[in-house]
Amino acid sequence: MDGQDYSLTINNGPNNIHGGVTGFSRRLWQSSIDGNVLKMTYNSPDGEDGFPGDVNVTVTYELSEDGSLTLEYTATSSKPCPINLTNHVYLNLSGHNSDDVFDHVAQITADTYVPVNNDLIPTGELSPVADTAVDLRQPTRLRERELAIRRGDLDVTYCVGQNGTLKLVSRISHPESGRFIDTFTTEPGLQFYTAKYMADAVGKGNKQYQPFASAIFRILSLDPERHTAKKQSIHLAWSNEFKMSDAFPVVFVLAEPKAYV
């Protein structure tokens with residue numbers, strides 16, 4: 001980067017995933033609460049997990065009166081540094097004791113997705129979802145795609161629209177309970193993952209979570225032309241500032257079901 005090579009910590013085959021061996025998710029963040037807003041801050045020192053620059057990160061979580069949860073991410077760096085912040089919450093709307101999410105219904109408003117190689121690295125192409133197992137443009141009960149999910153075919157990033165425009169990109173619901181979550185984002189990438197590699201994670205009530213017991217929607221920045229990290233958005237360079245959005249990067253809404261539009 002800028003003519004200098006950086007060696008990152010390796011924690012996934014030959015690759016660095018989730019920021020490295022420790023990453024931001026296992027660091028101790030500072031926190032404060034102001035009304036209905038939780039603010040989390042972390043300073044990543046130059047060289048942490050191999051990444052360049054002192055990176056100051058702020059994530060805010062705001063819960064509104066209508067039941068919406070808004071996440072906003074910002075970061076600044078003292079050196080050029082790649083960054084792509086996202087949320088990694090696992091969901092099971094049927095309850096934490098449920099053994100899988102195959103009774104959930106998912107819909108993602110994407111016509112194309114990002115193919116990956118055997119190391120789960122993007123190939124540099126975009127492929128249409130039509131006539132594939134990853135086509136979730138219509139509400140689809142995951143049980144109908146169980147074989148594909150168990151193969152790992154639905155661990156993919158979808159292209160959900162233009163960067164900077166807040167739009168509804170997905171819904172996941174549990175018809176039996178009436179629970180659902182809508183996701184809105186300003187970013188062009190949405191990864192859907194059904195915990196194929198989850199193994200004996202212990203959660204609420206000492207429940208052991210197994211593969212396919214949950215699902216996540218991760219918001220990502222993508223270059224719509226090269227299908228790789230977008231320099232202006234996620235490469236902290238001359239402006240040395242990253243913002244997911246000026247408005248609402250991600251909103252999750254939990255409420256009574258209604259017609260999907």
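Predicted model: local features only at pLDDT ≥ 70, side-chain atom pairs only at ≥ 80, totals over all residues.
Colleague: Happy with that. In what order do the five strands of the open sheet run?

Modeller: First the terms: strands are DSSP runs of E with at least two residues, numbered from the N terminus, and two strands pair if DSSP finds at least two bridges between them. Here the open sheet has the order β8-β7-β10-β13-β16, with antiparallel pairing. Its edge strands are β8 (127–128) and β16 (216–220), each pairing on one side only.

Colleague: What does β16 pair with, and over how many bridges?

Modeller: Strand β13 (residues 189–193) pairs with β16 in the antiparallel sense over five bridges.

Colleague: Is β16 mostly covered or largely in the open?

Modeller: Burial is read from relative accessible area: under 20% is buried, over 50% is exposed, and partly exposed lies in between, with a 1.4 Å probe and protein chains only. By that reading β16 is mostly covered, with five of its five residues buried. Both faces are covered, with I216, R218 and L220 buried on one side and F217 and I219 on the other.

Colleague: And how many residues of β1 are buried?

Modeller: Of its five residues, the number buried is zero, so β1 lies largely in the open. β1 (30–34) pairs with β2 in the antiparallel sense over five bridges, and I33 stands opposite L38. Two residues lie between the strands of this hairpin, where G35 takes a positive phi near 65°. V37 is found in strand β2 and counts as partly exposed at 24% relative accessibility.

Colleague: Which strands does β11 pair with?

Modeller: Four bridges join β11 to strand β6 (residues 105–108), running antiparallel; A106 has I172 as its bridge partner there. β11 and β12 form a hairpin with four residues between them, and G178 in the turn has a positive phi of about 85°. Strand β11 (residues 167–174) is mostly covered, with seven of its eight residues buried.

Colleague: Which residues other than glycine have a positive phi?

Modeller: Most residues other than glycine have a negative phi. Among those with a positive value are H18, near 55°, and D49, near 55°. H18 is in the segment before β1. D49 is in the loop between β2 and β3 (55–63) and is buried, with a relative accessible area of 12%.

Colleague: How many aromatic pairs does the structure hold?

Modeller: A pair of aromatic rings is described by the distance of the centres and the angle of the planes. Rings of Phe, Tyr and Trp (its six-membered ring) pair if their centres lie within 6.5 Å; planes under 30 degrees apart are stacked, over 60 edge-to-face, and the rest tilted. The structure holds six such pairs. In one of them, F24 and Y42 have ring centres 5.5 Å apart and planes at 65°, so the pair is edge-to-face. F24 lies in the segment before β1 and Y42 in strand β2 (residues 37–44), so the pair ties together parts 18 residues apart in sequence. F24 counts as partly exposed at 23% relative accessibility, whereas Y42 counts as buried at 13%. Ring pairs link F24, W29 and Y42 into a cluster.

Colleague: Which charged residues sit over a ring?

Modeller: The test is that NZ of Lys or CZ of Arg is within 6 Å of the ring centre and within 35 degrees of the ring normal. R171 lies over the face of F180, at 3.9 Å from the ring centre. The charged end of K196 sits over the ring of Y197, 5.7 Å from its centre.

Conventions: Residues numbered from 1 in each chain as written. Heavy atoms only, no water.
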